[in-house]
Amino acid sequence: MTLELIDVSLRVGADMHLYPTSLRLEPGEFNILLGATGAGKSTLIRLAAGLERPTGGRILVDGTDVTGMSPQKRNISLVHQFFVNYPHLTVFENIASPLRVSRVPKSEIEGRVEEAADILQLRPMLHRRPQELSGGQQQRTALARAIVKESKAIFLDEPLANLDYKLREELREQLPELLAGRGTVIVYATSEPTEALLLGGHTALMREGRLTQFGPTAEIYHQPRDVASASVFSDPPMNFAPVEKRGHRMHLGSALDWPVYGAAAGLPDGAYTVGIRPHHISPVDPPDPSIPIRGTVRITELSGSESVAHFDIADRVWVSQSAGVQQFQVGEPHEFHMVPTHCFYFAEDGKLAAKGIADG
Amino acid sequence: MRPRSIVPILYILFLMLPIYWLVAMSFKTTNEILGGFSLFPQEWTFDNYRTIFTDPTWYWGYFNSIIYVTMNTVISLLAALPAAYAFSRYSFLGDKHLFFWLLTNRMAPVAVFALPFFQLYSAVGLFDTHLAVALAHCLFNIPLAVWILEGFMSGIPRELDESAFVDGYSFPRFFTTIFVPTIKAGIGVTAFFLFMFSWVELLLAKTLTAVQAKPIAAVMTRTASSAGYELGLLAAAGVLTIIPGAIVIYFVRNYIAKGFALGRV
């Protein structure tokens, strides 16, 4: 089955919650909606699930128009960010409830509930009530409820956001496995770029109610279409600065300039925006040919496995992200190194004009 | 005894004093009550209670009260559950004003409605029926029920409703098998307040009934005026009137604490 949105939009009063959006989602892989809070991910899910009616456009399932159809008739599953289960029912009855309402024979229900419970390791908790479970178990119950029926589409609206770090990693590893091979469309909303990369599949980038880019996850990570897409799909956010191309060199203010390579070398002279991901600015001299940047360190964040430094450059704050523990003196200048082949160059209208040659 | 416990003990003592006096009186003879001051019944008698349990005009007073209070509680809940759901989940034209207007119904004194209700119910042939009192009390109880239930319902995330719809529940099925059990604490608290109002309300109940549906409180006042000083009997009737309320409070006491925590009761 396929899920297709054609110019779907939602306007509430004078506010556009979702600008006209077209999207074609195929079964099997993860379709990730990536964007910050308020980008329109939940709105898109609610529209696709039928919980809200779009003010414009059409929604097709396998080519059939379901725009005005109620969620009951769409045969879909939905997992919310908050652990939503029926509090007065046991875990078993919670998982069984979608089957009971769709009149699955009683003899079949027990087997299917137990199968779903086994996949999500809920077997020992089947006779408890949701409040007696931990957050992770509650969310697994909600997931079991979502996979127990053979739905055409599963919508997961930031399902891991309210779990603690360890549980989140654990469940994220299991998710692709337990949703694989079901032939359903999987839509997964998240605000974390890392999560999108880990889950793979296709990613739709959303920003301020607009879909900015959709494509295979790795591809759009390497080839952001415009400034908006590039900034959504980067964590920490991508560093941007206005630059001017003169001849074979890019000039950032008067202090910094570097040679351009690859496709970028063919760009006409003029004003551009350079974008470079924080992990391509190194606090030590990398093996690749690099440009030294001197900047005053403002903030540092050390996590043990990586070091993040915010530094001033030409009236802007850029971020450097590197592996291991690096030594920074806050308030002191530090020499960072930027690899120009990793740079993206965006035209004045925000569209990607060219990039350096290296991928990533 | 530590000094800090003196104040609460005194407080409870003063609080219990009238109830104790009532219970003590109910076991005394009228002569003893009128005869002078005595802390305990000098001459225990169960005659007062015996009269109530054997005389139909007395015990039917209790039945009448229980019948219309139960009817009122059921009607009020049935009407208020959907209304409270609408106020809690949907926004519609004038919803805030309507909600406030509902509450203002409670601000009018009951006496204001006694005459119009008497006229109205006589005209439609409902006078002296349990239904008349039950319906009349709805005017005060439905707004109260909507107000309390709305608070409980708004504490349930909307996502629960949406999950159920996605799971395939039709609205009526979701409402009765998922939503109502989820807010059963709120329904319990609401039922308690409805019961209490209807149980203690005297004016409307007395105005709208004559013989067939006469409530216990009306029986008490009429006996007092016709049979002279039957103080022991009245005290026994009073004790029996308190008991149903006490039983209801016992069952919903935990829910009420929850209701206070949710901030609407």
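User: In which hand does α7(B) pass α10(B)?

Analyst: This is a predicted model, in which local features need pLDDT of at least 70 and side-chain atom pairs count only at pLDDT 80 or more, while totals for chains, interfaces and linings use all residues. Residues are numbered from 1 along each chain as its sequence is written, and chains are lettered from A and ligands numbered from 1 in the order in which they are written. A crossing is left-handed if the near helix is turned anticlockwise from the far one by less than a right angle, and right-handed if clockwise. The crossing of α7(B) and α10(B) is right-handed.

User: At what angle do helix α7 and helix α10 of chain B pack?

Analyst: Helices are DSSP runs of H or I with at least four residues, strands are runs of E with at least two, and both are numbered from the N terminus. Axes are lines fitted to C-alpha atoms, for helices over the stretch in contact, and angles run from 0 to 180 degrees between N-to-C directions. Helix α7 (residues 130–154) and helix α10 (residues 184–200) of chain B pack at about 160°, with axes 9 Å apart. Angles over 145 degrees count as roughly antiparallel, and α7(B) and α10(B) are therefore roughly antiparallel to each other.

User: Which residues of α7(B) and α10(B) meet?

Analyst: Two residues are in contact if their C-beta atoms, placed from the backbone, lie within 7 Å. Among those in α7(B) are B:F140, B:L144 and B:I148, and α10(B) contributes residues including B:V189, B:F193 and B:F197. Ala, Val, Leu, Ile, Met, Phe, Trp, Tyr, Cys and Pro count as nonpolar, Asp, Glu, Lys and Arg as charged, and the others, Gly among them, as polar. The contact of α7(B) with α10(B) has 10 nonpolar, 5 polar and no charged residues.

User: How many residues does each chain give to the contact of chain A with chain B?

Analyst: Chain A gives 18 residues and chain B 15 residues. On the chain A side, α2 (71–74), β6 (76–79) and α3 (91–101) each supply at least two residues. That side comprises 11 nonpolar, 6 polar and 1 charged residues.

User: What is the strand order in the open sheet of 5 strands in chain A?

Analyst: Strands of a sheet pair through backbone hydrogen bonds, either parallel or antiparallel. Two strands pair if DSSP finds at least two bridges between them. The order here is β15-β19-β16-β17-β18, with antiparallel pairing. Its edge strands, β15 (281–282) and β18 (316–323) of chain A, each pair on one side only. Strand β17 (residues 306–313) of chain A pairs with β18(A) over 8 bridges, and A:E306 has A:A323 as its bridge partner in β18(A).

Conventions
Parallel < 35°, antiparallel > 145°, perpendicular 65-115°, else oblique.
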